Amino acid sequence: MLVVRPAGPADLDHLLELAILSGPGFTSLPEDPDQLSDRLDVSRDSFTGVLPVQERWFTLMMEETDTGDVDGIASVKATVGLKRPFFSFRISNNPAQSPSLGIRLDHQTLTLVNECSGWTEVGSLFLKADRRKGGAGRLLSQSRYMLIGAQPELFAETVLAELRGVFTPDGACPFWDHVAHKFFPMPFDQADMMTGSTDKQFILDLAPRHPIYVDLLPEPARAVIGKVHPQGVAAMALLESEGFRPNGLVDIFDAGPTVTCPRDHIRTVRDARRLSVVVTEEFEAELPALVSTDTVEAFRAVRARAAIEGETVRVTSETAAALKVRDGDIVRVKS
């Protein structure tokens, strides 16, 4: 059975493998053991409540209980943009007209902004290629919202997600090559690493101080603004199914889109019910349900057969073991 559970320091080898497989442009998964080790320490301290709420970054691993294989990762940052800026480009429409000539134009511009301070971010969604079917991706994605719903007071009223921008099959990034690199004369990987490991002062020092007119950019760069990496199309669809929508912001390096949704309007947060567990092997269930624990500290989530009866939910002993719950415990269920 697949279970989504908290990540901790013992997961370093698994996390490094996933970081290598994720490829370029996945800012939250650098191929750096030291950074990843620090992240796992933060995850442990977030789940145990050691860190202040605003500094918590919850990392989740998807594990096969039979083999112990770790095949995916997802995360939730309680807040972004407070200790370090959260820079984006805002896409704006700037109309221009000449009544005497009967001409009206709409010029799009990109302007550096820091608009997301204090928002919660869901991210780091990545699965090994052979797991991208059979509902594993949906389980991993929705587990983040079950975590938020378990203790919503720990998270902001607005939730965002950044999608990786377009890269070519050979690893080139059209927006970086034609636009961002002009302001940050370094390899993409270096800029990407510095975004996660520094205070981002280099962005403030070097980023354009004036709007960039999109019409003046080369066509390869214009074509990818706000577009999603091919490997992120499924993730985008999952976000949209939960109620997330583009908000006009894009990443300053690869121009991937940002999407947002009010926390309490996220479909899984809104629709999941708190129910009491009944462990039994004999019950009828037409479809599997999403089931998670009801606390952040002991968070675990699975998709499994479950039968809702009033204020209770029947689950098998295998499901109860995966969740580490017993008869009478409270779980959250989304059918």
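Predicted model: local features only at pLDDT ≥ 70, side-chain atom pairs only at ≥ 80, totals over all residues.
**Core**

I started with the nonpolar residues. The largest nonpolar core holds 37 residues. Met-62, Val-122, Leu-147, Leu-239 and Phe-244 have the most contacts inside it. At least two residues each come from β1 (2-6), β2, β3, β6 (120-127), α3 (136-150), β7 (158-162), α8 (233-242) and β10 (257-262). Helix α3 gives the most, with seven residues. As background, nonpolar side chains tend to be buried together in soluble globular proteins.

**Salt bridges**

The count came to 17 salt bridges. I went through some of them one by one.

Glu-63 pairs with Arg-5, with 2.7 Å between the closest N and O atoms. Glu-63 sits in strand β2 and Arg-5 in strand β1, so this bridge ties together parts 58 residues apart in sequence.

Arg-44 and Asp-41 make another bridge, the closest N and O atoms being 3.6 Å apart. Both belong to helix α2 (residues 33-47) and are three residues apart, about one turn of the helix. Arg-44 has 34% relative accessibility, so I logged it as partly exposed. Asp-41 is also partly exposed, because its relative accessibility is 26%.

Next I checked Glu-55 with Lys-83, where the closest N and O atoms are 3.2 Å apart. Glu-55 is in the loop between α2 and β2, while Lys-83 is in the loop between β3 and β4 (88-98), so the pair links parts 28 residues apart in sequence. Glu-55 is partly exposed at 34% relative accessible area, whereas Lys-83 is exposed at 71%.

I also noted a network of salt bridges that links Glu-17, Glu-64, Asp-71, Lys-128 and Arg-131.

**Surface patches**

Which residues gather in a patch of negative charge on the surface? I found Asp-66, Glu-281, Glu-282 and Glu-318 there. I followed up on Asp-66, which is in the loop between β2 (57-64) and β3 (70-77). Its relative accessibility is 65%, and the cut-off for exposed is over 50%, so Asp-66 counts as exposed.

Ile-103 belongs to strand β5 (residues 103-113). At 41% relative accessibility, Ile-103 is partly exposed.

**Positive phi**

Ser-124 has a phi of about 60°. This serine is in strand β6 and is buried, with a relative accessible area of 6%.

Lys-324 also has a positive phi, near 60°. Lys-324 lies in the loop between α10 (317-323) and β16 (330-334). With a relative accessible area of 65%, Lys-324 is exposed.

**Ala-301**

Last entry: what is the C-alpha separation of Ala-301 and Met-61? I get 10 Å, for residues that are 240 apart along the chain. Ala-301 is in strand β13 (residues 301-305). Its relative accessible area is 0%, so Ala-301 goes down as buried. Met-62 is already in my core entry, among the residues with the most contacts there.

Terms used
Residues numbered from 1 in each chain as written. Heavy atoms only, no water. Patch = residues over 30% accessible without salt bridge, like charges linked within 9 Å, V, L, I, M, F, W, Y side chains within 5 Å. Areas by Shrake-Rupley, 256 points an atom, 1.4 Å probe, with all protein chains shown as cover. Salt bridge = Lys/Arg side-chain N within 4 Å of Asp/Glu carboxyl O. Lys, Arg positive; Asp, Glu negative; His and termini not counted. Charge placed at Lys NZ, Arg CZ, Asp CG, Glu CD. Helix = DSSP H or I, 4+ residues; strand = E, 2+ residues; numbered from the N terminus. Buried < 20%, exposed > 50% of the residue type's maximum accessible area, 1.4 Å probe, protein only. Core = buried A, V, L, I, M, F, W, Y, C linked by side-chain atoms within 4.5 Å.
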